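Let me put the sequence and the structure up, and then I'll walk you through a few spots.

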Amino acid sequence: MGALTKVKERAFSLREEIERHNHLYYVLDAPELDDAAFDALFRELQALEAEYPELQLEDSPTARVGATPAAQFASVAHGLPMLSLNNAFSDEDMEAFDRRAREALGEEDLAYCAEPKFDGLAVSLTYQGGRLVLGLTRGDGQTGEDVTGNLRTVRSIPLRLPSDLAPALLEVRGEVVMLRRDFDRLNQRQRDRGEREFANPRNAAAGSLRQLDSRITASRPLSFFAYGIGRFEGVQVPQERHSDQLAYLASLRLPVSELREQVRGAAGLLAYYRRIGEQREALPFDIDGVVYKVDDLACQRRLGFVSRAPRFALAHKFPAQEALTRIEAIEVQVGRTGTLTPVARLEPVVVGGVRVTHATLHNEEEVRRKDLRVGDTVVVRRAGDVIPEVVRMLPDRRAAEAQRFTLPALCPVCQSPVQRVEGEVAARCTAGLYCPAQRKQAILHFASRRALDIEGLGDKLVDQLVDNARVHTPADLYALDQETLEALERMGAKSAANLLAAIERSRDTTFARFIYALGIRNVGESTAGGLAADFGGLDALLQADAVRLSAVPEVGPVVAAAVAGFFAESHNREVINRLREAGVRWQEGPGVTARAPGHLTGRTFVLTGTLPTLSREQAGGLIAAAGGKVAGSVSARTSYVVAGADAGGKYQRALELGVPALDEDALLELLKLPDAS
C-alpha cells in the first residue's frame with residue numbers, strides 16, 4: 001500500500017471519528033473524549049490536509065471554522081415551498097382543527113405527532129449522496145437565502161450522512177436555535193468585550209446565521225433540530241408516518257427533539273400541550289408553543305393546503321407573556337399609506353426575554369377605549385414575534401399629573417392636514433407620496449421581494465436617498481447612476497454596480513407585481529393578482545370606476561373605493577407615467593372585459609404545479625378572459641383542475657373527488673372559442 005493511500009485512509013478515518021464525537025457531544029450530550037483528546041484528532045486532520053491539499057473536502061470537519069466573507073447571499077427557490085403554519089391561541093382553536101381534520105377524512109379518531117415549536121430560524125438542508133450540498137433560510141417560503149457556508153459551521157449538523165442509510169437526495173427541514181446556556185455565555189463574552197448584548201436567543205441565532213462572514217457564524221454557539229422532510233429520492237425514507245420520518249432522521253445522526261410524542265385525538269393534543277407548557281421554563285431552549293401534525297402521511301396529502309398553510313398541521317401557541325411598566329410618552333408614527341399610529345414609549349421592561357421600549361396603541365379610539373394616559377402604569381403583552389401591545393392600565397396607580405392624548409390635526413412629519421374617513425377609525429396624512437414618511441415606506445414597499453424585488457435597496461439606503469433628495473418617488477430609482485450611489489455612505493463601487501443591476505432587472509416584471517408595488521391601501525398580493533387578471537392591462541384599470549372595480553371577485557366596496565381614489569390622484573398617475581417612461585414593463589392580457597360572453601361562465605378552475613409555458617398568472621388571466629373563475633382549493637364544485645409538473649395535494653384531491661384534470665394543451669384547447677358553425 002502506497003504512502004498517499006495510507007494518508008487518505010487516515011484522513012477518512014479521522015473525519016469519521018471527529019464527526020462521531022461531534023454527534024456525541026453536540027446532539028447526544030454524551031461525550032467520550034475530553035477537549036484535549038478531541039483537539040488532538042482535529043489538529044492531526046488539519047495537518048494532513050495542509051500537507052496534502054488534494055485531501056481537502058467541503059464536508060471535512062475542518063471546514064466548520066468558516067471561510068472568507070461573501071459579497072451577499074444568493075436567492076434560491078425551494079424545491080418544495082416552506083409553508084408557515086396556522087396558529088391556535090386557545091383550546092377551542094385546537095379542537096376546531098381536530099374536528100375539521102376528522103370530518104375531511106371521515107375518521108372518528110386521528111393519530112397526531114406532537115412536537116415542541118422551536119423559537120428560532122427555519123432552514124432547509126439538502127443532502128445529495130449523503131453530502132450536505134445546500135442550506136437555505138425559509139425566506140418568503142418560496143425562495144430562501146443560500147447560507148450553506150454558515151450552516152456548515154453548526155456542529156450539530158452532520159456534513160455527511162451515514163452512507164448505508166442516506167438516500168440519493170434528502171431535504172431536511174428544521175430550526176436553527178441558540179441554547180439558553182450558550183446564549184448566556186455569548187452575552188457574557190459580549191460584555192467582556194464591551195460590545196452590545198443580544199436581546200434574546202432567537203435574535204442571536206438569526207443574526208449569527210445571516211452573517212456574510214461565516215467565520216463569525218462559526219464563533220457563535222448555534223444548534224439545530226430537524227422537524228421534517230421535504231423532497232427525497234430513495235426507498236430508505238419512511239413514507240407512511242411523520243413520526244417514522246423523525247425517527248429515521250435521528251438514525252442519520254440528525255438532532256431531533258426527544259420531546260416528540262404520538263398522541264390521539266383532541267384530548268391527547270391538549271394533554272401534550274399542558275405537559276410541555278409545564279416543562280417550558282426548564283427546557284434548554286426557547287419554545288413558543290407546540291406543533292401538531294396528522295401522523296399518517298397519506299392523510300396529510302388528502303387534507304392538502306389552504307393559502308400558505310397546510311391543513312394537516314397547527315401551531316398551538318403558549319399564552320402571551322406580560323409585564324408591568326410605565327408610559328413615558330405617546331408618539332405618533334406615520335405609516336406607508338399615511339396612517340397615523342400612536343405608539344407608547346415605555347420605561348424599558350423585559351417581556352418574554354425581550355427588552356421592550358415601545359408598544360403599539362393602534363389608533364386614537366383604542367387609546368380612548370383603554371383610557372390610556374402619559375404617566376400611567378400599564379400591563380404590556382408580547383407573544384412570539386407579535387409587536388408588543390399595551391393590554392390595560394392600572395387605575396389605582398394613576399398619577400394625578402397623567403396627561404390625556406389627542407391625535408394631532410397635522411401630520412407630525414410633513415405638517416399636512418390629517419384626514420379621518422367616515423366609518424374608519426384610522427386617521428391619515430393627506431400628502432400621499434409627497435410626505436417623507438410615506439415616501440420612504442412607499443419606496444421600500446415598491447422594492448420589496450414580492451413587489452419589484454430590487455435586491456440591496458434597504459432601509460438605510462432609502463433613508464439616505466430620500467434625505468439627500470436623490471429620490472422622491474419610486475420612478476426616481478430608475479434615474480440613479482453610479483456616481484450618485486458611490487457618493488452615499490458605505491456604498492462602494494461594487495455595491496453601487498450591484499444595486500444598479502438589480503434596478504435594471506426590475507424593469508421586467510408582471511402586471512400583478514406592479515399593481516402590488518404601487519402600495520395602494522388594502523391591496524395585497526391576492527387582490528393585485530385579481531385586478532391584473534380581470535383587467536389585463538393598466539389602461540383599462542386606470543379608467544375603471546368603483547362600480548367596475550367591485551365586479552372583480554377579490555374586490556369589495558372598501559377596496560374598490562381605495563383603488564379608484566388612488567388612481568384619481570394626479571400625482572399618482574404622474575408617478576405611474578414616469579415609471580412607464582423609465583421602461584418598467586410587463587406582459588398584458590385581454591382581461592375579462594374582452595372575453596366572449598358566456599364562453600366559460602359558471603366553470604371553476606384550480607391551478608396546481610408548474611405548467612410548461614404559462615405562468616399561473618397568465619393561465620388565470622386566460623381563464624378569466626374566457627369567463628371562467630380561478631379558485632384556490634378543490635371542492636365538489638370545481639369544474640377542472642389544471643395540473644402541471646410537481647402537482648401536489650390539490651391534484652390528489654381532484655382525483656379523489658372525480659374532478660377532471662387538464663394539462664396545459666387541454667386547457668388551451670378548452671379556451672378556444674366554440675365553432676361558430
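So, where does glutamate 107 lie? It's in the loop between helix 3 (91-105) and strand 3 (111-118). Helices here are DSSP runs of H or I with at least four residues, strands are runs of E with at least two, and both are numbered from the N terminus.

Quick housekeeping. This is a predicted model, where local features need pLDDT of at least 70, side-chain atom pairs count only at pLDDT 80 or more, and totals for chains, interfaces and linings use all residues. Residues are numbered from 1 along each chain as its sequence is written, and side-chain values use heavy atoms, with hydrogens and water left out.

Back to glutamate 107. Its relative accessibility is 34%, so it counts as partly exposed; buried means under 20% relative accessible area, exposed over 50%, and partly exposed is in between, with a 1.4 Å probe and protein chains only. Glu107 also forms a negative surface patch together with Glu108, Glu240 and Asp296. For a patch, residues need over 30% relative accessible area and no salt bridge, and like charges are joined within 9 Å, while nonpolar side chains (Val, Leu, Ile, Met, Phe, Trp, Tyr) are joined within 5 Å. A salt bridge, in turn, is a side-chain nitrogen of Lys or Arg within 4 Å of a carboxyl oxygen of Asp or Glu.

Next up, strand 13, residues 313-317. Five of its five residues are buried. Ala313, Ala315 and Lys317 point one way, and Leu314 and His316 point the other.

Who does strand 13 pair with? Strand 2 (residues 87-88) pairs with strand 13 in the parallel sense over two bridges, and alanine 88 has histidine 316 as its bridge partner. Strand 10 (residues 287-294) pairs with strand 13 too, antiparallel and over five bridges; there, glycine 289 is partnered by lysine 317. Pairing here takes at least two DSSP bridges between the strands.

Further along there's an open sheet of four strands, in the order 22-21-23-24, with parallel pairing. Strand 22 (629-631) and strand 24 (661-662) are the edges, each pairing on one side only. Strand 23 (residues 640-643) meets strand 24 over two parallel bridges, with valine 641 partnered by alanine 661.

Last stop, helix 17, residues 525-535. Eight of its 11 residues are buried, so the helix is largely enclosed by the rest of the structure. Among them are Leu531, Asp534 and Phe535.

Terms used:
Accessible areas come from the Shrake-Rupley method with a 1.4 Å probe; for residues, only the protein chains shown count as cover. Lys and Arg count as positive and Asp and Glu as negative; His and the chain ends are not counted. The place of a charge is taken as NZ of Lys, CZ of Arg, CG of Asp or CD of Glu.
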